[in-house]
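Me: I would like to go through this structure term by term. Please set each value against its definition.

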Amino acid sequence: MNPILFESSSFAHPGTVLFNQPPFLSLNQLTYQCDYVNPTGRTITAGSNVATDELCMAITYFFPSTGARICVNNALF
């Protein structure tokens with residue numbers, strides 16, 4: 001079972017967690033999950049409108065790094 005490093009139920013202000021002092025966190029894999037509550041009865045689909053669409057993301061920084069990378073739906077760019 002993977003430990004939960006950060007969890008939030010606030011859409012507007014989810015918060016942050018820092019591991020910026022020794023001992024630093026070492027990871028082989030990072031996964032994230034978003035759960036949605038839909039009280040509207042309409043079908044919600046993925047999209048870019050934060051008010052009406054499904055939008056799930058995680059932002060992280062790591063080091064040492066050889067440069068910026070972007071991961072979207074498990075595809076690394």
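Me: What makes Phe63 count as exposed or buried?

Reply: The model is predicted, so local features need pLDDT of at least 70 and side-chain atom pairs count only at pLDDT 80 or more, while totals for chains, interfaces and linings use all residues. Residues are numbered from 1 along each chain as its sequence is written, and side-chain values use heavy atoms, with hydrogens and water left out. Buried means under 20% relative accessible area, exposed over 50%, and partly exposed in between, with a 1.4 Å probe and protein chains only. Phe63 has 58% relative accessibility, so Phe63 counts as exposed.

Me: Where does Phe63 lie, and how far is Phe63 from Phe24 in space?

Reply: Phe63 lies in the segment before β1. Phe63 and Phe24 are 39 residues apart in sequence, and their C-alpha atoms are 10.0 Å apart in space.

Me: How many helices and strands does the protein have?

Reply: It has zero helices and two strands. Helices (H or I, at least four residues) and strands (E, at least two) are DSSP runs, numbered from the N terminus.

Me: Why is the protein called more spread out than a compact globule?

Reply: The radius of gyration is taken over C-alpha atoms, and the globule rule is 2.2 Å times the number of residues to the power 0.38. For 77 residues the rule gives 11 Å; the protein has 15 Å, well over that, so it is more spread out than a compact globule. Along its principal axes the C-alpha trace spans about 45 × 25 × 25 Å.

Me: What percentage of the residues in the protein is buried?

Reply: Buried residues make up 0% of the 77 residues.

Me: Why is Leu5 called partly exposed?

Reply: Leu5 has 34% relative accessibility, so Leu5 counts as partly exposed. Leu5 lies in the segment before β1.

Me: What makes Asp53 and Thr52 partly exposed?

Reply: Asp53 has a relative accessible area of 25%, so Asp53 is partly exposed. Thr52 is at 35% relative accessibility and therefore counts as partly exposed.

Me: Which residues is Asp53 in contact with, leaving aside neighbours within four places in sequence?

Reply: Contact means heavy atoms within 4.5 Å. On that basis Asp53 is in contact with Ile44, Thr45, Ala46, Gly47 and Ser48, leaving aside neighbours within four places in sequence. Thr52 touches Arg42 and Ile44, not counting residues up to four places away in sequence.

Me: How do you know that the side chains of Thr52 and Asp53 make a polar contact?

Reply: A polar contact is a pair of N or O atoms within 3.5 Å; within protein, one must be able to donate a hydrogen and the other to accept it, and residues adjacent in sequence count only if both atoms are side-chain atoms. The contact between Thr52 and Asp53 joins their side chains at 3.5 Å.

Me: What makes Gln29 count as exposed or buried?

Reply: Gln29 is at 63% relative accessibility, so Gln29 counts as exposed. The C-alpha atoms of Gln29 and Ser65, 36 residues apart along the chain, are separated by 15 Å.
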